[in-house]
Amino acid sequence: SLRDNAQTATATGSVSAQSIALDASTITGEGLAADTGDNKSGLFADGDAIIGNVQTIDTEVSVVGGVVGNVIVSDIALDANNGDVSDVTTSTIEVTGNTQSATATGVSTSNTLSLTSGATMNAAGAVASVQSVDGDVFASAVGNGIGNINDAGNDLTDSTLLTADNDVTSTATGASASNSLESTTATNNLDVALNAGVVNNSISNTFDLPRVTAGQALLNDQSMGSTASVLSETQDNIVATEMGSDVNSSTVETDGNNMSSSATANEADNSVSLAFNELVGTISGTGTGVVAATANEQTLDDGAAVTAQTIGSDGTPIYAAADSDAVGSSVSTSDNTVSATANGNVTFGNDVIVDATNVTSGSPAAPNITIGGAMIARGSFVAASTQTSGADILATQLDDGGTFSNIIRTEFGDDIEASSTVVSDDNVLSAVATANSANNAVQLGDDQSATVAASGVVANYQGTSAAGSITSEIGTHGSDYSAAFTSLNSGSSANGTL
C-alpha cells in the first residue's frame, strides 16, 4: 500500500511574523488616540504600542512553485521475464491519502498586538500592514499522476483496490495578511481619550492608504498593480485505478479524491477584540470619538490577472477502468472533487468585537457613513472595508485551446455481468470566479453585558471596473454529454446496476 506520501513545492517572496505582548497591572500611555495612514511618503503610525509591516513584490519579479512530472503509483505488472500474468487474488491494495501540491505566495504576514492589564489600560494600540504585488506569482502542478494499477492481462479476484482521498493541487496567493489587536479579559477598565476619530478608506488618488484615528486602530492595505498576475495551474494530471482484465468478486473504489487549482490576489483576516469591565476616560459618558476601528482596503488595478485552471490528462482527472468484465463485483467512482477557484479580493473577517460589562460613549449622537471620493465612517466602534477590482479573473476547467473540459470516467472493455454494482455518485466539478468578497462585523457586548450605549458602524464598499472581467468556465459548448460509465454490454448481460 501507498499511504500519506507527499510531493510538494512551496515558494514565498517574503514572510513576516510580528508580535508585541504587554501584560501588567496598569498599562499607561500618553492619553492620545492612535493614528495611522499615509503621509504621502509611505505608511505612518502613531500610538503607544505599534506594529507596522510593509512588503512588496516589484515588477518583473516572479515567485514560482512547481510540482511537475511526479508519480505515486502501485503497479502490479506482468511478469517482467516472460510476460506471464500476475493475477491479484485475495488481496487489498491501497493508494490513499497521498498529496502532490504546488504553492506560491508573494507576500505573507502575521501581526499580533496584545495588551493585558489587571486594572486600567489606556495605551493606544496600532497595527498597520501594507502589502503590494507588481510581479508574478505562479503555482504549477503539471503532468503528475497518482495510480493504483493492475496491468492489462491480470485478473482481479476476491480482492480490493482502493484509490481514495488523494490530492493534486496548486495554490497561488498574491498577498496574505492576518492582523490582530486585542485587550484580553484580565483588563478591568479600558481608558480612552476623547478624539476626533475617523476611518477614511480612500478610493481616490489623494492617498494610497486608508486613515484610521481611534483609541485602538487597525489598518490593512493590499494592492496588486497592472503588471501583476497570480496564476494557479493544475494541468495534465490524473488519479487513476486500472483494474486489470476481469474483475471477479472484488471491490474497487476510486473515491474522495481532489484535484484543484486556487488563485487569490489579496486575502486578509483582521480583528480588534476588546474585553473589559468599564469604558472610562474622556470618551466615556457624553464624550465622543472612535474607541476602536479597523480599516481594510484591497485593490486590483486594471490589467492585473488572476487565473485558476484545472484540466486533467486529456480532460480526464479521475479515471477507473477494467479491460474486460466485472463479475459479482462492486465498482465505485464517487465523492471526487475537481475544482478551479479564482478570487480577487477576499476578507475572511474584518471585525471589532467588544466583550464588556458597561459600554457608554457619546459617539451614538453622530455615527455616519459617507461615500464620495472616499468612504468615511464615524462611530464608537467601526469596521470599514473597501475592495475594488479592474483585474481579469478567470476560473476554468478547459484546456488552453478551449477544446475540451474535464470528465470523470469509469470504463469497462466488455460486460458488467450479473450481481455487479457500478456507481459514480456525488462527484463535483466546479469553476468559481469572484472579484470581491468581504465579511465585516461589529459586536457590542454579549448576554453578560449590563449597559451598551454606543454606536457600532459597519461600512463596506465594493466595486469592479469595466476594464476587468470575471469569468468561470466548465464544459465546451456544442459537445455531447458523456455517460457516467461505458461498457460493451449485450442485452443478456446487462444485469448490474448503476
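Which residues is asparagine 201 in contact with, leaving aside its neighbours within four places in sequence? They are Pro210, Ala295, Asn296, Glu297, Ala374, Met375, Ala384, Ser385 and Thr386, where contact means heavy atoms within 4.5 Å. The legends below describe a predicted model, in which local features need pLDDT of at least 70, side-chain atom pairs count only at pLDDT 80 or more, and totals for chains, interfaces and linings use all residues. Residues are numbered from 1 along each chain as its sequence is written, and side-chain values use heavy atoms, with hydrogens and water left out.

**View 1. The whole chain.** The chain has 40 strands and 0 helices; strands (E, at least two residues) and helices (H or I, at least four) are DSSP runs numbered from the N terminus. Its C-alpha trace spans about 90 × 45 × 40 Å along the principal axes. Of the 498 residues, 51% are buried, that is, under 20% relative accessible area with a 1.4 Å probe, protein chains only. Among contacts between residues at least 6 apart in sequence, 90% join residues at least 24 apart.

**View 2. Surroundings of asparagine 201.** Asparagine 201 is found in strand E18, residues 198–202. This residue counts as buried because its relative accessibility is 0%. The side chain of asparagine 201 makes a polar contact with the side chain of threonine 386 at 3.1 Å. A polar contact is a pair of N or O atoms within 3.5 Å; within protein, one must be able to donate a hydrogen and the other to accept it, and residues adjacent in sequence count only if both atoms are side-chain atoms.

**View 3. An open sheet of 6 strands.** The strand order is E5-E11-E20-E25-E33-E39, with parallel pairing; two strands pair if DSSP finds at least two bridges between them. Strand E5 (49–57) and strand E39 (456–464) are the edge strands, each pairing on one side only. Within the sheet, strand E25 (residues 292–300) pairs with strand E33 (residues 381–389) in the parallel sense over 9 bridges. Leucine 300 has serine 389 in E33 as its bridge partner.

**View 4. The largest nonpolar core.** This core has 30 residues, of which Met224, Val306 and Ile393 touch the most other members. A nonpolar core is a set of buried Ala, Val, Leu, Ile, Met, Phe, Trp, Tyr and Cys residues joined through side-chain atoms within 4.5 Å. Another core, of 26 residues, lies apart from it and includes Ala49, Leu115, Val354 and Phe381. Not counting residues up to four places away in sequence, methionine 224 touches residues including Val133, Ala265, Leu300 and Val306.

Technical notes: Buried means under 20% relative accessible area, exposed over 50%, partly exposed in between (1.4 Å probe, protein chains only).
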